[in-house]
Protein chains: 2
Amino acid sequence: MNKVFIGSSVDGFIADKEGKLDWLHSIPNPENIDMGYASFMEGIDALVMGRKSFETVSRFIPWPYEKPVFVLSNQLESLPDGFTDKAFLLKGTLKEVLAKIHAKGYFNLYIDGGQTIRSFLSADLIDEMIITQIPYLLGGGTPLFTELPRRLEFQCVESKIFLNSVVQNRFKRKPR
Amino acid sequence: MNKVFIGSSVDGFIADKEGKLDWLHSIPNPENIDMGYASFMEGIDALVMGRKSFETVSRFIPWPYEKPVFVLSNQLESLPDGFTDKAFLLKGTLKEVLAKIHAKGYFNLYIDGGQTIRSFLSADLIDEMIITQIPYLLGGGTPLFTELPRRLEFQCVESKIFLNSVVQNRFKRKPR
């Protein structure tokens, strides 16, 4: 199962026109509810992300993940020091890297980062999407979705409103 | 109050790559539930749409609306015969046409049609959006949303799932 858990604007952007993410956290959240993130993370075995997302999260202190992170990059020769047992570089096509990850016993995967999500969607390799819609129209930015060779059919199986404002919809891929 | 009530794909398209709409009605709906359409129509005083949407609905037999339809077009000289007391041509800027409609006593307006919705959003003239998401990624087509000069903030005040598949979210504009 390849799963997406991401915040987006109502018009489908994951970063604004300046590449900023601050609007994702601009709705007052006095009790700091996590909108299902911890529970989602419990259910996954590993994360899969691209080089750019890895560069962003590699600056976080402390390292934010308890699960292994697979970094997809055909450019990088190796990951920087300090991530042994945390992050692992993988090369190849999506099917090849998935085969390598499955061979290590990880099957429930958190597919993260805009470029990686769009690549997985283009290859129809996403089984579930939990999309937390911040109720803004940004009118531009980095899109969550991408052109597709053909239509992909999901079902919305759950919908929750948080903070009287944000809506989180869970979509499951229909049997292919 | 200017309201939108529209179906869209999860990736934000209101028509597919070929301009088709059949996918909007492709989820089995044996009891033909209307997903709130009749109730929404009861609450509005009039419709506002552009020339293209009018051309489409003008072919429907019987005429589908019990409320007056205002057709925005700076190109048309007049509407075709047969729509007296049904549809009314209005010219001018959005603010001018709204002033004319309000002067006739119509205040709760159903803003319909892709181009008209996008124009109203660009001018920050939409107060409520009820968006029924058909759980497909189309990967291309006619977008519901558009570039905006600045971010528009809404709140998601209601969310409903229909047919175990479709999610309808209601967004209200935050006080400007």
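Student: How many helices and strands does the secondary structure of chain A come to?
Tutor: This is a predicted model, in which local features need pLDDT of at least 70, side-chain atom pairs count only at pLDDT 80 or more, and totals for chains, interfaces and linings use all residues. Residues are numbered from 1 along each chain as its sequence is written, while chains are lettered from A and ligands numbered from 1 in the order in which they are written. Elements are DSSP runs numbered from the N terminus: helices are H or I, at least four residues, and strands are E, at least two. For chain A, the secondary structure comes to four helices and eleven strands.

Student: Why is chain A as compact as a globular protein of that length?
Tutor: The radius of gyration is taken over C-alpha atoms, and the globule rule is 2.2 Å times the number of residues to the power 0.38. For 176 residues the rule gives 16 Å, and chain A is close to that, so it is as compact as a globular protein of that length: its radius of gyration is 16 Å.

Student: Which residues have the most contacts inside the largest nonpolar core?
Tutor: A nonpolar core is a set of buried Ala, Val, Leu, Ile, Met, Phe, Trp, Tyr and Cys residues joined through C-beta atoms within 7 Å. Buried means 20 or more other C-beta atoms within 10 Å of a residue's own, with C-beta atoms placed from the backbone. The largest such core has 76 residues, and those with the most contacts inside it are A:Val48, A:Ile111, B:Val48 and B:Ile111.

Student: Which strand of chain A pairs with strand 3 over three bridges?
Tutor: Strands pair if DSSP finds at least two bridges between them. Strand 3 covers residues 46-50 and runs parallel to its partner here. A:Ala46 has A:Leu109 as its bridge partner. The strand is strand 6 (residues 109-111).

Student: What is the hand of the β-α-β crossover from strand 3 to strand 4 of chain A?
Tutor: Four bridges join strand 3 to strand 4 (residues 69-72), and the two run parallel. The chain passes through helix 2 (residues 51-57) on the way. With the strands pointing away from the viewer, a clockwise path from the first strand over the helix to the second counts as right-handed. This crossover is right-handed.

Student: Which strand of chain B gives the most to the side that touches chain A?
Tutor: Residues are in contact if their C-beta atoms, placed from the backbone, lie within 7 Å. The contact takes 28 residues from chain B and 29 residues from chain A. With seven residues, the strand that gives the most is strand 10 of chain B.

Technical notes
A residue is buried if 20 or more other C-beta atoms lie within 10 Å of its own, exposed if 12 or fewer, and partly exposed in between; C-beta atoms are placed from the backbone. Two residues are in contact if their C-beta atoms, placed from the backbone, lie within 7 Å.
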